[in-house]
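Biologist: Please put the model on screen. I have some questions about its fold and a few of its residues.

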Amino acid sequence: MDLEQALEIANQALHAQIGRYLSDVEQLIFAGAWQGQTYEQIAQINGYSAKYLKDDSGRKFWKLLSQVLGESVSKNNFRSAIERLHQRQETQPKTDRNQIVEIVLPRRAGIQTDWGEVVDVSQFYGRSAELTTLMQWITNDRCRLIALLGMGGIGKTALSVKLANQLLITSSIQGRNEFEFVIWRSLRNAPPLEHLLAGLVPFLSNQQDMQNTLAHFIHYLRSHRCLVILDNMETILQSSESAGQFRSGYEGYGELLRLVSESNHQSCVILTSREKPAEVAAFEGVDFQVRSLRLSGSQQAAQAILQAKGLIGSPEQNQELGDRYSNNPLAIKIVSTSIQDLFEGDIDEFLKQDVTIFNGIRRLLDQQFARLSPLEQTTMYWLAINREWTSIAELKDDIIPAVSKGKLLETLESLNWRSLIEKQSGSYTQQPVVMEYITERLIEQITTELNTAELNLFTSYALTKTTVKEYVRASQVRLILQFVANGFYQKFSSIAAQEQQIFRILRQLRRSETQQSGYGTGNLMNLCNCLQLNLTNYDFSGLIVRHAYLQTVNLHQVNFTCTNFDRSVFAQTFGAVYAVDVSPNGSLFAIAEANNQIRLYNFVDGQPLLVLKQHTSEVMFVKFSPDGKLLASAGADFTVRLWDVPSGTLLRTLTGHTNPVWSVAWSPDGTTLASGGQDKIVKIWDVSTGKVLQTWQGHSDQICSVAWSFNYTTLATGSNDRTIKLWNALTGQLLNVLEGHSDWVRSVGFSPDGKLLASAGADFTIRLWDVPSGTLLRTLTGHTNPVWSVAWSPDGTTLASGSHDQTVKIWDISSGKVLRTLEGHRYQVWSVAFSPNGRTLISGGHDQMIKVWDVVTGQVLQTSQGYSDWVWSVAWSANHDVMAQGSRDRTVKLRDSATGKLLNILNKHTSSVLAVAFSPDSLTIASSSADQSIQIWEVATGRVLRSLRGHTGWIWSVAWSLDGTMLASGSNDLTIKLWDVSTGELIKTLEGHLGWVTSVAFSSDASILASGGFDQTVKFWDISTGQVLKTLQDHSDWVWSVQFSPIAPLLATGSVDKTVKLWDCSRGNVLRTLLGHTNWVTSVAFSPNGKQLASSSYDLTVRLWDVASGQLLKTLEGHTSSVWSVAWSPDGATLLSGSADETIKIWDTQTGVCLKTLRADRPYEGMNITGVTGITEAQKATLKALGAVEQPG
């Protein structure tokens, strides 16, 4: 048995048992052990720590494999166990073996097809010989890889589609399926390989596998008979001087072709290209399973086109015309229109002109383009820029100066007649070869203009557009703007030269009034962004800025005085998006977000309309009333609020909850409202009076979700107690308790007919329940992390879910299968909601993104990016010189303690920095992040000394041992890890918490580690043995923070239960509970002398306590959002606090006075927007919140 076969057997066994395949690290360990390598050899080859592979991943892997195989296995004996499993499978009856395969990966009945944006081949001529050859290669010779090669317009795409259709027809006639999966993908927009695989792998795995790696792709080519067609591969190949080589950034496609060629699998991959990739050349041969077919012109197709065009000529003349143009179908179409225009359709008259014999499609297109009118050329450029079917209205809106609709229609008809464009249902586009030609022409011309600063096309066309679908804009950047930037960089390689030329172009834009009204300034800003130029202090005053995409651009001190913004997009101020909802008429959507605000948007263009600001803490949920006139919101400030949607006016504040409110639901008639939250109770409110009608109790833990059935009679609640309760909505009587989830129930929702209930759980599942009987009908599995939200489509046939695994899934209710997995969020997806027509879906996540998706295609239509630079953690160096902050913007900022001046910004993390801690000698600082890594930095230089990896979840806390040799970390993955700082190696992994570990702290003698977490416990660990010494239980909710006293055997803890507790370390009992905070306590810190304790809270305050008496000494107020962290100066005279309001404050601990407030520069700090036009007041307010200024006038 070889390694590939062994891996296949292990993967099948693992998937059958626990529903997943081997991870990358597990595959490395398996392969290395199979080949007799030591852990040291495996680590050295693959760049891992040997100790991590052996003591952490290896130990867990052999334990897992033992469980799967049903016998104890290790690195030394697992080969024989795998071979025994293989023998058992081989000796089973064939029917039994088939059943096992079905368990490994469920298959759907029939052939699964995904045609993408396939072309129509209903009018297909000739190619019967080629079809016969290809059918032979695929069905008889079982070729793995086939390349269809030929010049542009020769018919490669049409042949690939016709071939796939022919295979399906033949299979139907013969009563058997040649393929289980057929998928066709165009590479015309040059998708990166990971984007392509993100669509292929889920499809080939029936949406069971979201890992977009080549290994997983090849796995499914082996497991199933698949036909995968990749069209237009020339798009990602280099230019002619490097024929057959892939462009920079696309080398992974070469590896794909290599693996497809040399791996043992049962599938077939077909590619079309104008040139042969080097990998195909290396592997092809008549006797091999990699072959290529070069297409020449088709006489049959050419003659059919000439006949269809109605040209006049003898058979001999028709043949001569076809031969002159090599029987290229596209060339024949194009030249036919010229014969009609110039020679009234007479082929003989055309031939008498003795025109140059066709020697390339580009030359023919050059000739055709030269004959076009200015408006026809303009239209061709815009169709190439828009890159997909474009309506007349959109084209009319694009063209500057404006043209009449009638004139545009005439132009489009003329271009269609010339076979330069295609028409479908009133929309227009170009064939790939024509689009590529026009795009290249546009890039060449604009590059020349930028190099000379003589502008024409640069001001006439938008190189990228903000109004197109998000995936189209991304392709515009890749295939147009990036190439223009590359050309500009080749001419001006230094930053100084680039800036000098940019200023020259900017002066040109100011000189011409006609150019000033075009697209030049927006293009220039997008070009600078693509070149990553710093725009600080640039002057764009008085210009028109069209289609500038500025969501991720810093515009510090930029002058936009009297600038007119037209369809330009800026960053917004929202934080993590906890909830989304769409108005009943589909015109608006609302978000609830972490910056204590609610935002209303126009659903069509995503523009912000209103900001509702009266909540004093995070807004957790929003819901439109059934008539869309009111909006209800639930807040962490313990309130429910009712808003007038048209005006944004706060109508009523409903008080009565004693803890954060997580969810609200309207009754179908809109007269009453239900709410549930952390206080474990349900309240029913009269909307007109704001009075509580009923209060229901029954859950033993916080209520995360409430939902009202559409027939008014039933209310459902989902809770962290792992149950769903169904209540009589009129009387409050408990009707049923639905049990089945093994972890928190985070979201519940009734189907439109009220017969089904969907629930989402932290156990990674979605469950469907029969409401009348309470029976569990189906469990939907596929997410790999907690599921936070579910939403029904309006017709009740599909369900959407959002998860901590960063994906949105669309489920088919009748089968329970995943229809589509939507990927694009960078952090967990908190909420999903369908539009009323069911065609689009909106999602909001912790990544401060709102995404609008096309439900059918899975494409992102629109993305809105928020900005909120929460300060998660603060720290003070022991030598008093430096203050540090860890922020949501993925950086660690170091500041001078005396002045507050920014000393350095440390960039390495790829996600929020959740914790920072200085080493005892103040020379280094550790930071931990939601990117699952720890970085150890040298304070003086900002250099990364060590990167520690091993956690599989967010790392909430890091702590140094007193001697600075060891680091402890606590994570979402429920573990604590101890690290050797000098080597970066993992020393131990401590397991025992049943929830996220949010805080860790060493005792003063470094013999004990304390930890706190979401399981509401505090644990003491013996550092030397890794054993739990004590488990302290007195908090009634999550524990956010733990801290040892520096002088006494005391431990302080802060909790979501709003208390601070002081514990006797030796006995493990509570000495004192400090009451005063009115919301979650997020951080605790002892003063250097141990006499005082500081605590921070969601209630926006910092409190100082006397440790001996427990008396509250001072309440420090000034933050405008939740305070996440506190740190004492080494002399105890001052205190540092960091908040979600993006500031850190320095407090005098004697007087309680705020000495200084420090804030990092926001994206638009100092940007002058005096007199700007083209943006709404809401947009202007957002720009100001992000640092823009408006001079009084």
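Modeller: One definition before we start: helices here are DSSP runs of H or I with at least four residues, numbered from the N terminus. Keep in mind that this is a predicted model.

Biologist: What covers the buried residues of H13?
Modeller: The buried residues of H13 are Ala301, Ala302, Gln303, Ala304, Ile305 and Leu306. Their cover is judged by contact, with heavy atoms within 4.5 Å. It includes helix H14 (315-324) and helix H15 (329-343).

Biologist: Which strands are included in what covers the buried residues of H27?
Modeller: Helix H27 spans residues 1177-1185. Its buried residues are Ala1178, Gln1179, Lys1180, Thr1182 and Leu1183. The cover over them includes strands E13 (569-570), E16 (598-602) and E17 (608-612).

Biologist: Is Ser747 buried or exposed?
Modeller: Ser747 sits in strand E30, residues 745-750. Buried means under 20% relative accessible area. Ser747 has 7% relative accessibility, so it counts as buried.

Biologist: Which backbone nitrogen does the side chain of Ser747 reach?
Modeller: Leave out residues up to four places away in sequence, and Ser747 touches Ser705, Ala758, Ser759, Ala760, Trp788, Ser789 and Val790. The side chain makes its reach at 3.2 Å. A polar contact needs N or O atoms within 3.5 Å. The backbone nitrogen belongs to Val790.

Biologist: Now the whole protein. What radius of gyration does it have?
Modeller: The protein has 1193 residues, so a compact globule would have a radius near 32 Å. The model agrees with that. Its C-alpha atoms fill a box of roughly 110 × 85 × 65 Å along the principal axes. The radius of gyration is 33 Å.

Biologist: How many helices and strands are in the protein?
Modeller: Of the 1193 residues, 61% count as buried. Among contacts between residues at least 6 apart in sequence, 52% join residues at least 24 apart. The count is 27 helices and 69 strands.

Biologist: How far apart are the mean positions of the positive and negative charges?
Modeller: The protein exposes about 45400 Å², with 48% of it supplied by carbon and sulfur atoms. There are 102 positive and 113 negative charges. Their mean positions are apart by 1 Å.

Notes. Residues are numbered from 1 along each chain as its sequence is written. This is a predicted model: local features need pLDDT of at least 70, side-chain atom pairs count only at pLDDT 80 or more; totals for chains, interfaces and linings use all residues. Side-chain values use heavy atoms; hydrogens and water are left out. Helices (H or I, at least four residues) and strands (E, at least two) are DSSP runs, numbered from the N terminus. The radius of gyration is taken over C-alpha atoms; the globule rule is 2.2 Å times the number of residues to the power 0.38. Buried means under 20% relative accessible area, exposed over 50%, partly exposed in between (1.4 Å probe, protein chains only). Accessible areas come from the Shrake-Rupley method with a 1.4 Å probe; for residues, only the protein chains shown count as cover. Lys and Arg count as positive and Asp and Glu as negative; His and the chain ends are not counted. The place of a charge is taken as NZ of Lys, CZ of Arg, CG of Asp or CD of Glu. A polar contact is a pair of N or O atoms within 3.5 Å; within protein, one must be able to donate a hydrogen and the other to accept it, and residues adjacent in sequence count only if both atoms are side-chain atoms.
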